[in-house]
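Hi everyone, thanks for coming.

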Amino acid sequence: MQITPHTQPLNNANRLGLNYRHQATQLPWQAPLIDAHTHLWGVEAARHYFQIASWFGIQSTWSQTPLKDVPAIALEFGDRVNFVAVPDYYNFKDPNRFTTSWFENIEQFAALGTRMCKFWSAPRGRDVHPSLTLDSPERQYAMKLAYQANMMFMVHIADPDTWFTHQYKDHRKYGNKADQYLVLERLLDQYGDVTWLAAHMAGHPEDLNHLQQLLDRHPNLYLDTSACKWMIRELSKHGSRLTDFIHQNAGRIMWGTDIVAQAGAMGLGDDLYASRFWAMRSLFETNYHGPSPIVDPDLSRLNPSLPRKSTATVHGINLDPATLQGLYHDTALTVLGN
Ligand SMILES: [Zn+2]
């Protein structure tokens, strides 16, 4: 695939100066996509998201939207958005936001027809609230509520390998990376009749063998490809092994971006969303092999000799149409419903 760089001003979502609207027309895939992982915060941000999404053929999304924003977004975008229940991240000062008021929120989300509940359990959750481990008593109660409401479960269980040698050096506090999966696997068995979507390639895009073991051991487990910078950086390193992995696990992996759409778009305008769509599509459907347009701060954090605005390498794997149809659309539709 050809790109035409240096036609637009540079920013952290566009180090190549791409005209994303034009580049979208150069991508080979022509059928609709489902973005299985977004965060649409407020109806204005949702409008902006869908405006850019339309350039890239995104038909619908599963959004982790705060409860108060759900009615307005549902009214305007109807069946283009499925909501995922999440705690009230707007009110960080409310001491109950991850406990009692969260339990009420789950029931309110369920009353609105929400069919999936997110359990965000990144190791750094321990710094936010003690209940944000996957097996805390509060989490177990919330899981029971979500189960009774017939919800599917979504989980964010781990962060990049490199974070465990940097941010999470205190293993007594955070555990090591393998520890995160002990509790996940136990709960995957305990709630074996629930569909589980493990975000960000189950937190381990660095290790496809580990992901294969998880998928083989737990038939109720599915993965999404979201978290653009992390996925581009790590999945690109696997080359043809990634192709094999996606083939082998057809029907278990769904495409997503992890776009956080909020007012102001972090000052990056259309490029914030367009860059994620472009990079995450280029990785799977093209043979592009070159720099990502998105600044990845983890690169210079790990290697301080690198410039602060370093970007990872995209290694496109040029999947065949049948595999793309599953990854981009059919798996989400079949597994999650519409
Ligand atoms: Zn997310």
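Let me start with a question: where is Asp-258 found? Asp-258 is in the loop between β8 (253–254) and β9 (259–261). I'll come back to that loop in a minute.

First, some housekeeping. What you see is a predicted model, where local features need pLDDT of at least 70 and side-chain atom pairs count only at pLDDT 80 or more, while totals for chains, interfaces and linings use all residues. Residues are numbered from 1 along each chain as its sequence is written.

Okay, the overall picture. The protein chain has 15 helices and 11 strands; helices here are DSSP runs of H or I with at least four residues, strands are runs of E with at least two, and both are numbered from the N terminus. The radius of gyration of the chain is 19 Å, close to the 20 Å that the globule rule gives for 338 residues, so the chain is as compact as a globular protein of that length. That radius is taken over C-alpha atoms, and the globule rule is 2.2 Å times the number of residues to the power 0.38. Along its principal axes, the C-alpha trace spans about 55 × 45 × 40 Å.

How much of the chain is buried? Of the 338 residues, 46% count as buried. Buried means 20 or more other C-beta atoms within 10 Å of the residue's own, exposed means 12 or fewer, and partly exposed is in between, with C-beta atoms placed from the backbone. On contacts, if we take those in the chain with a separation of 6 or more, 73% are between residues 24 or more positions apart. Two residues are in contact if their C-beta atoms, again placed from the backbone, lie within 7 Å.

Now to the helix packing. Look at α2 (residues 43–55) and α13 (residues 270–285): they pack at an angle of about 40 degrees, with axes 9 Å apart. The axes are lines fitted to C-alpha atoms, for helices over the stretch in contact, and the angles run from 0 to 180 degrees between N-to-C directions. α2 and α13 are therefore oblique to each other. The cut-offs are under 35 degrees for roughly parallel, over 145 for roughly antiparallel, 65 to 115 for roughly perpendicular, and oblique for the rest. α2 passes α13 in a right-handed crossing. Right-handed means the near helix is turned clockwise from the far one by less than a right angle, and left-handed means anticlockwise.

Which residues meet there? From α2 we have Tyr-49, Ile-52, Ala-53 and Trp-55, and they meet Asp-270, Tyr-273, Ala-274 and Phe-277 of α13. These residues divide into 7 nonpolar, no polar and 1 charged. Nonpolar covers Ala, Val, Leu, Ile, Met, Phe, Trp, Tyr, Cys and Pro, charged covers Asp, Glu, Lys and Arg, and the others, Gly among them, are polar.

α2 also packs on α3 (residues 70–77), at an angle of about 40 degrees with axes 9 Å apart. This crossing is right-handed. Val-43, Ala-46 and Phe-50 in α2 meet Ala-72, Ile-73, Glu-76 and Phe-77 in α3, and that contact divides into 6 nonpolar, no polar and 1 charged.

α13 has another partner, α11 (residues 228–235), at about 25 degrees and with axes 10 Å apart. That makes α11 roughly parallel to α13, and the crossing is left-handed. Cys-228, Ile-232 and Leu-235 of α11 make the contact with Arg-276, Ala-279, Met-280 and Leu-283 of α13.

Last, some single residues. Most residues other than glycine have a negative phi. Asp-258 is buried, with 23 other C-beta atoms within 10 Å. Met-201 has a positive phi too, near 50 degrees, and is found in helix α9.

Ala-202 sits in that helix, which covers residues 199–202. Is Ala-202 buried or exposed? Ala-202 counts as buried, with 26 C-beta neighbours inside 10 Å. Leaving out residues up to four places away in sequence, Ala-202 touches Ile-157, Leu-211, Leu-214 and Leu-223.
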